[in-house]
Amino acid sequence: MTVEPGDSPTTALRLRLADALAKSGDLRTQPWRAAVEAVPREVFIPGFFERVDGPRETMWRPITPELVGAPERLELTYTDETWVTQLNHRITAFDTDVPVAGAPTSSSTLPGLVVRMLEELQVEENSRVLEIGTGTGYSTGLLSARLGAPLVTSVEVDAAVADRARKALAQAGFLPDLVTGDGLLGSPTGALYDRVIATCSVRHIPSAWVAQTRPGGLILTTMLGWLHASSGLVRLEVTGDGTAEGVFLGSTDSFMPARPHAAPPLGDDFHEWIDKIRTTERETAAGSEILDPWEGWTSLFIAQLAVPDAQLVTYGLDDGPMFDHLVDLSQRSVAILEQESAEPATVRQSGPTNLWDSVESAITRWRAAGSPSLDQFRITVTPEAQTIWFGDPQGPLSWNLPH
Ligand SMILES: C[S@@+](CC[C@H](N)C(=O)[O-])C[C@H]1O[C@@H](n2cnc3c(N)ncnc32)[C@H](O)[C@@H]1O
């Protein structure tokens with residue numbers, strides 16, 4: 001495609017984005033290229049937040065045409081960046097003139113990842129697609145441009161976000177089936193689907209997604225755990241009645257959690273009870289590098305499978321050093337890993353389950369198997385259990401997911 005007189009002012013920007021995504025290897029096929037060239041991202045993100053690292057906490061600077069000028073906002077819109085569009089479930093860039101603190105709760109994912117996922121979804125002409133996490137509607141727009149809106153259903157849990165996406169999609173000329181609700185339940189009215197794609201992350205594969213996908217259909221998602229290990233993309237093929245088989249594609253992409261799957265809040269009394277716990281102490285050969293994603297995602301992923309109900313909290317007493325804590329709120333089990341610079345690390349554990357013993361044992365088995373990487377793991381889903389495994393679904397490197 002080339003820019004012609006009378007084209008939209010952002011046509012050239014869309015072509016530039018498509019070139020960049022093709023160069024990075026995310027955009028691989030002509031039909032998706034045509035979709036990127038056709039969908040005006042500026043309609044889906046009229047305002048958004050830019051991350052600014054403040055001295056004490058991350059702040060979010062609002063970007064709107066009024067605040068930064070139309071050219072700068074358009075220039076940023078067409079970069080390969082994730083732009084946060086909602087903080088704390090309610091604040092948008094139009095609600096503030098100055099940088100604010102907050103937790104991102106909706107965003108327009110970086111186009112490179114969106115497009116790579118769409119390529120990995122392996123759609124065919126006439127594929128019926130269910131998308132979970134409409135967000136701004138940009139990825140829904142790409143799906144609609146590629147397949148035709150009548151083949152696209154998208155579910156968004158947040159009513160205000162869903163409403164903005166509906167208007168943006170209509171403005172861009174797309175009328176897919178948009179559902180406001182919990183996407184973990186899928187959308188039975190449009191079933192059976194050929195493909196399900198999630199742009200929020202799940203702890204296990206919702207049974208509704210499997211039930212609403214035709215045998216031979218594909219489910220593409222990222223899976224999360226509460227130790228912050230990204231599983232990257234997982235693609236499953238539905239094999240029959242409530243069953244599916246999948247592979248981890250080996251990337252380290254992550255998405256915000258699907259709302260019911262996020263780790264529970266620590267609670268107001270956390271500081272009180274954690275400071276009072278009595279622990280047993282021992283040395284550990286499996287050091288804190290296991291919990292450091294930059295040391296290797298797979299060991300953190302293994303730890304997460306070993307203690308699926310534990311969350312990672314970095315915490316210190318008063319002005320003391322900060323240490324990694326594994327905290328299982330459901331049973332008040334805690335493991336505190338104390339490692340400053342000296343080896344070996346010390347672990348202090350408390351509660352009904354010795355969380356670090358479970359992590360250490362899983363890591364020892366994983367190392368004994370040659371430390372296989374994430375893309376060598378598989379996932380098996382049945383109505384009774386969901387298992388992530390390497391080598392043998394019942395072998396020493398197999399774990400059932402909580403669900
Ligand atoms: C990363 S954003 C989606 C990005 C979007 N696809 C785009 O292109 O703009 C994730 C979205 O998932 C939504 N979400 C979270 N939990 C959900 C759930 N259980 N069902 C449906 N949507 C959910 C969030 O509200 C958020 O808007």
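**View 1. His228 in the loop between two strands.** In this predicted model, His228 occupies the loop between strand E9 (213-224) and strand E10 (230-240); strands (E, at least two residues) and helices (H or I, at least four) are DSSP runs, numbered from the N terminus. His228 has a positive phi of about 70°, although it is not a glycine. With 55% relative accessibility, His228 counts as exposed; exposed means over 50% relative accessible area, buried under 20%, and partly exposed in between (1.4 Å probe, protein chains only). Residues are numbered from 1 along each chain as its sequence is written, local features need pLDDT of at least 70, side-chain atom pairs count only at pLDDT 80 or more, and totals for chains, interfaces and linings use all residues. Side-chain values use heavy atoms, with hydrogens and water left out.

**View 2. Arg332 in the loop between strands E14 and E15.** Arg332 lies between strand E14 (323-328) and strand E15 (333-338). Its phi is positive, about 50°, although Arg332 is not a glycine. Arg332 counts as partly exposed, at 39% relative accessibility.

**View 3. Ala310 and its contacts.** Ala310 is located in the loop between helix H11 (297-306) and strand E13 (311-315). Ala310 is buried, with a relative accessible area of 1%. Leaving aside residues up to four places away in sequence, Ala310 touches Trp226, Leu227, Leu326, Val327, Asp328 and Leu355, where contact means heavy atoms within 4.5 Å.

**View 4. The cis peptide bond between Ala191 and Leu192.** The bond that joins Ala191 and Leu192 is cis, with omega about 0°. Leu192 belongs to the loop between strand E7 (177-180) and strand E8 (193-198).

View 5. A polar contact here is a pair of N or O atoms within 3.5 Å. An N or O atom in the side chain of Thr136 is 2.6 Å from an oxygen atom of the ligand. A polar backbone atom of Gly183 lies 2.7 Å from a nitrogen atom of the ligand. The protein covers 99% of the 610 Å² of accessible area that the ligand has on its own, by the Shrake-Rupley method with a 1.4 Å probe.

**View 6. The shell around the ligand.** The ligand is surrounded by 29 residues, each with a heavy atom within 4 Å of it. The largest share, 4 residues, comes from E4. Domain 1 (30-108) and domain 2 (112-260) each give at least three residues to the shell; the domain bounds come from an automatic or database assignment.

Note on methods: Polar contact = N/O pair within 3.5 Å; in protein donor to acceptor, adjacent residues only side chain to side chain.
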